[in-house]
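Try each task before you read its solution.

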Amino acid sequence: MLCRCFSLADIHLATNNFDDALVVGRGGFGKVYKGFINDGTTVVAVKLLNAESKQGAKEFWTEIKTLSTLRHPHLVTLIGYSDEFSEMILVYEYMINGTLAELLYKMSRKRYGPDFHHLNWEQRINVCIGAARGLDYLHTEKRVIHSDVKTTNILLDENRKAKISDFGLSRMGTTNQLQTHCRNTSLIYSSHNEVVRQRKSDEDEHRPVLWVVEEQSQEDGPM
């Protein structure tokens, strides 16, 4: 496993004891904190999973085992995790521009400050192409089916480059075999047609992302 195993003490130090002032995201899964590791020199996103959320232990270990094997410019990097004292904590590279969904919402509602920069046409196209390249890498090189492609799972870095995240529902395997990862790994044997169907499902999920970006572009007018 390529990612780092953090102690709970490390996580407390990184997030200033889970300081609410450092919360950058929240949902049914729990909270995401902006954190600092390596003596404060590296900014990270610390995702603290709620034990009562739908994203349970199975999805937690799926995320770790899948992302630990993947490296691509358009996939978010998992730096490490902590499961000490039964906690479920994931540590990712920090994506300063948040999710594509959040950015599009701000643009549609005009809820942004004076320093906010809209996505221009070139950036919008690059976001869509970047997400597609990430999916292509998953499908053709790693035999991974993401299974949950949507605007909330596409993150944007400081240059607004798209990176796919949230692999808790992903499946991995050979052409004739999909492997669902969890602590007790199980195999799902599938026909070639089933694998093709699963890949098409990812592609179909990516299509609404294109529609949402296009719809927002039309509302904003030429840029």
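**Exercise 1.** Find out which strands the buried residues of H2 pack against.

Solution. Start with the list: the buried residues of H2 are Glu59, Phe60, Trp61, Thr62, Glu63, Ile64, Thr66 and Leu67. Buried here means under 20% relative accessible area, with exposed over 50% and partly exposed in between (1.4 Å probe, protein chains only). Next, look for their neighbours: they pack against E4, E5, E6 and strand E7 (144–145), where contact means heavy atoms within 4.5 Å. Helices (H or I, at least four residues) and strands (E, at least two) are DSSP runs, numbered from the N terminus. Finally, eight of the eleven residues of H2 are buried, so the helix is largely enclosed by the rest of the structure.

A quick note on the model: it is predicted, local features need pLDDT of at least 70, and side-chain atom pairs count only at pLDDT 80 or more, while totals for chains, interfaces and linings use all residues. Residues are numbered from 1 along each chain as its sequence is written, and side-chain values use heavy atoms, leaving out hydrogens and water.

**Exercise 2.** Work out the strand order of the open sheet and name its edge strands.

Solution. Reading across, the six strands go E1-E5-E6-E4-E3-E2, with mixed pairing; two strands pair if DSSP finds at least two bridges between them. At the edges sit E1 (4–5) and E2 (23–27), each pairing on one side only.

**Exercise 3.** Is Lys47 buried or exposed?

Solution. First locate Lys47: it's in strand E4. At 9% relative accessibility, Lys47 counts as buried. An unreviewed UniProt entry annotates Lys47 as "binding site", though such annotations may be inferred rather than shown by experiment.
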